[in-house]
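Dear colleague,

I am passing on the structure that follows, together with some notes on what was found in it. Please read the notes with the model open beside you.

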Amino acid sequence: MTSSPAPRGAEAPRGAEAPRGAAGRGGAVAAVDLGATSGRVIVGHVGRDTLHLDHIARFANGPVRLASGLHWDLTGLLAHALDGLAQAVHAESAIASVGIDSWAVDYVLMRGDRMLGEPFHYRDDRTAGGVEAVHAVAGFDELYTRNGLQFLAFNTLYQLAADRRDGHLDVADTALLVPDALAFQLTGSRVTERTNASTTGLLRVADAQWDTELMARLQLPVGLFPDLVDPGTSLGTLRPALTEQVGAALEVVTVGSHDTASAVVAIPMADPETSAYISCGTWGLVGLELDKPVTTDAARLANVTNEGGVDGRVRFLHNVMGLWLLSESVRQWERDSGQAIDLPTLLADAAEVPAASVAVFDANDPVFLAPGDMPGRIAHWYHSHDLPVPATRAAFARAIVESLAEAFARTVRTVAELAGREVDTIHIVGGGALNTLLCQRTADRAGLTVLAGPVEATALGNVLVQARAHGWLGRDATLEDMRALVSRTTAPRRYSPRA
């Protein structure tokens, strides 16, 4: 399936590398790491015994409400990324390549080389009709056996069904997931990186290939998504005009372009068989790394997903609402008061609130998905369940932390049981690793040791995959080798469960 000639490396077998440097020699690469609230450009220095990051640029990201709905400003993100890469080249002239990762499911519709508008934001409410349209053709039971994904109303196939209903697919010839769309703007190569493709609902869980039969049944253009490639594939160098703008003909290399796939690469799991992970930022992705998917009825009923990882691993996980609950509450309080809120101070005050004095709420209730008045919605949840509403902001923050910790602990127990694993350690990476109250309460509620860090797991995983593609870690470097390097160069913080 392709709408353009396959780029260099597109036909490489799964797991193939694109080595371009002398094996064992370290070097520098750049990571464009895009989250749901901010983006960064980071330079990573990697060798067999070297791994450290230099933060070059940071910029805001967030939804833009247009007349058509909630969108991402992809054009603005591209401009910020290019500015950051120019700064990176100025700071480190020997950068060998750049890799891009971002959130999942969202995509850009293209016609030829032209974007047909900015991509919709997954929190836009247009997808309800898409869910109905898809399930009228293929029920969730069937979809789970085909794609192995948990039900999320914003999954790509539901968004595409909404676009088909609205006529947007009538003029599009290509759909590019967000990191792939940025890579196309940089190089002209049209590909779909496989870890992110696994979140679309259109990739067969059995063999990680496009499910063209399902596309046809859903009346989605079978050639809409380009060919699949794996992490470590070269997409060529920057377009000439961008080379001049950035100051170097940087090579673009695919990484685990779903940010969680990159984060899992850099989790220093001594034994994946006994380790669970929580990649905690806007979302809390709670799960295990498996060699094979689990698509049992029990897994489907628990709404646990099987997403693609680097080197064909499976990310067996469940989405928990994450720190979105806290950040959106802080935004509302700042709007109400007109004053900035210091988050460390708020969390310190929350730690003084007795855990027993606040009731746990359902952190995964869909009512909390959309932007807006989060404290008001949490208060309404308490009212509707005849539970006392927290009386202060500190109590609200404590309630959010307790509710997230309970959701994290419960999900770890669920995925371990479904996979037949005995878990003794939870690794928390991402921004949530800095939240000491959340880490401790997760350990307490799970009754398991929590190892927090690295905070920058996504960027580390991004640069590690690039470094391996260049041959700097050895041509046969495995995920375990990359994690061993993370372990040698970072020191997670340990939280032991308290009675």
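Predicted model: local features only at pLDDT ≥ 70, side-chain atom pairs only at ≥ 80, totals over all residues.

How many positive and how many negative side chains does the chain have, and how far apart do the centres of the two sets lie? There are 41 positive and 58 negative side chains, with the centres of the two sets 1 Å apart; Lys and Arg count as positive and Asp and Glu as negative, while His and the chain ends are not counted, and the place of a charge is taken as NZ of Lys, CZ of Arg, CG of Asp or CD of Glu.

Residues are numbered from 1 along each chain as its sequence is written, and side-chain values use heavy atoms, with hydrogens and water left out.

On confidence, the average pLDDT of the chain (the predictor's confidence in each residue, from 0 to 100) is 94, and 95% of the residues score at least 70. Over residues 1–23, however, the pLDDT is below 50, although this stretch has 67 contacts in the model beyond near neighbours in sequence; contact here means heavy atoms within 4.5 Å.

As for the overall fold, the chain has 17 helices and 20 strands, which are DSSP runs numbered from the N terminus (helices H or I, at least four residues; strands E, at least two). The radius of gyration, taken over C-alpha atoms, is 22 Å, close to the 23 Å that the globule rule gives for 499 residues, so the chain is as compact as a globular protein of that length; the rule is 2.2 Å times the number of residues to the power 0.38. Of the 499 residues, 61% are buried, where buried means under 20% relative accessible area, exposed over 50%, and partly exposed in between (1.4 Å probe, protein chains only). Among the contacts with a separation of 6 or more, 73% are between residues 24 or more positions apart.

Apart from neighbours within four places in sequence, the contacts of Ser 102 are Leu 34, Val 178, Pro 179, Ser 257, His 258 and Asp 259.

Arg 468, in helix H16 (residues 457–469), is also buried, at 6% relative accessibility, and its C-alpha atom is separated by 9.9 Å from that of Gly 26, 442 residues apart along the chain.

Some backbone features also deserve a look. Most residues other than glycine have a negative phi, and most peptide bonds are trans. A cis peptide bond, with omega of about 5°, joins Gly 453 and Pro 454, and Pro 454 lies in the loop between strand E19 (449–452) and H16. Gln 219 has a positive phi of about 60° and lies in the loop between helix H7 (212–217) and strand E11 (228–229), where it counts as exposed at 54% relative accessibility. Asn 303 has a positive phi of about 60° in the loop between helix H10 (297–301) and strand E16 (305–308), but Asn 303 counts as buried, at 18% relative accessibility.
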